[in-house]
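Student: I'd like to learn how to read a few features of this model. Where do we start?

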Amino acid sequence: MDWIYPKVGRSLRLSSFEIFIWIYFPAATPYIFTGLKLGFIYSLIGVIASEFIISTRGLGHLISFSYSAFDTENMYASMLLIVLIAVLINGSLVRIETWLYGRRAK
Amino acid sequence: MNVRRKREILIRLGIISVPILIIALWQLGSIILKEFILPSPLCTFSVLRNGLFEGGWLLSDLKATMIELLLGYLSAVILGLVVGFILGMHRFSREVMEPFVLNIYAIPKVTLFPIFLFLFGLGMESKVAFGFFHGIFPIIILTMNAIKDIKDVYIKVGWSFRLNPLKIFKEIVFPSILPSLMTGLRLGFNLAFLGVVLGEMAASRSGLGYTLMKSEGAFYMEKILSIILVLAVIAITVNFVYYTMERKLGRVDEIRVVEGEKSLPVR
């Protein structure tokens, strides 16, 4: 971030709190959002993976259960569901993110 | 100068003190939670030493995992680089494939593991394939974006110097993509490792992940912790090597490159 911005804040006699709210936070929002998005993706992966390995319920469990039961149709159906959920959520997060970066560039 | 040197020493001390603190916390936890749930570091290390040297219960698993990892990772690197180069240079196929590749990168790939089991069976092949599938996408994405981001002017300068294509690749393309290539290879390694161990944990007959799950069933916490230690040491060593190379070459902004096209304002 450009150091001129907090300096402008200081010249306008903003308090540290105001500088944080009006300058640092808006400047960091897109990056924070990218972090949130990656965090979401990785926690989804973690949840599904651990459900897949040991659990008693959940979509990941459904897949490994239908696999062991040779219930192939159910297995592919739940796979498709998870993939759709992941792609949908990721797609909307990417939209928001692009909008945030675009707004910042102006 | 002196102040800087002092600062460096302080940072070194800080870096060393973090693992010591973790081990201290581990010891404290094992006292509070009882050895049965969280064995003490000393106990774990003796089981680990037994596994690596005298008893050797770890060695065959370690070998299986390393072979799977090596094969999966190597094939991911080779194919990832080739596909990344093609997508980077050919604009049409990049624009067609990019959303697809980025989305596959984001989905939890464990869900597709049963397909690998159907295709490759319970043995090592399915883990190699799964590690490959995990590792290839970051390598494709980073190579592709690195090639795309080379400025046209550089290539044109090469042409005006009458360099042949091979020379252009060697003198212009390769040096400019090298930093993000390193990042791609590192991320690819991490994900390939994840894929291999995950596959072993889910369904297999050998490997560190398999023994980890077996010890989980038998509630043999010392073994679980020593396997975790072995996995951590492998991951940290490889990452350290890549990190050092990346730092020498100049780091790239990891998140920005992985996330693909984002015209950020210059910072």
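Tutor: With a term: helices here are DSSP runs of H or I, at least four residues long, numbered from the N terminus. Keep in mind that this is a predicted model.

Student: Which residues of α9(B) are buried?

Tutor: A residue counts as buried if 20 or more other C-beta atoms lie within 10 Å of its own. In α9(B), which covers residues 208–218, that applies to Leu208(B), Gly209(B), Tyr210(B), Thr211(B), Leu212(B) and Met213(B). The cover over them includes α3, α8 and α10 of chain B.

Student: And where in chain B is confidence lowest, and where highest?

Tutor: Look at pLDDT, the predictor's confidence in each residue. Helix α11 of chain B, residues 254–258, is lowest with a mean of 49, while α3(B) is highest at 93. Over residues 257–267 of chain B, pLDDT stays under 50. For chain B as a whole the mean is 86, with 93% of residues at 70 or more.

Student: Now chain A. Which elements does it have?

Tutor: Four helices and zero strands.

Student: How does its radius of gyration relate to that of a compact globule?

Tutor: A compact globule of 106 residues would come out near 13 Å, but chain A has 22 Å. Its C-alpha trace spans about 70 × 25 × 15 Å along the principal axes, and 16% of its residues count as buried.

Note on methods:
Residues are numbered from 1 along each chain as its sequence is written. Chains are lettered from A and ligands numbered from 1 in the order in which they are written. This is a predicted model: local features need pLDDT of at least 70, side-chain atom pairs count only at pLDDT 80 or more; totals for chains, interfaces and linings use all residues. Helices (H or I, at least four residues) and strands (E, at least two) are DSSP runs, numbered from the N terminus. The radius of gyration is taken over C-alpha atoms; the globule rule is 2.2 Å times the number of residues to the power 0.38. A residue is buried if 20 or more other C-beta atoms lie within 10 Å of its own, exposed if 12 or fewer, and partly exposed in between; C-beta atoms are placed from the backbone. Two residues are in contact if their C-beta atoms, placed from the backbone, lie within 7 Å. pLDDT is the predictor's confidence in each residue, from 0 to 100.
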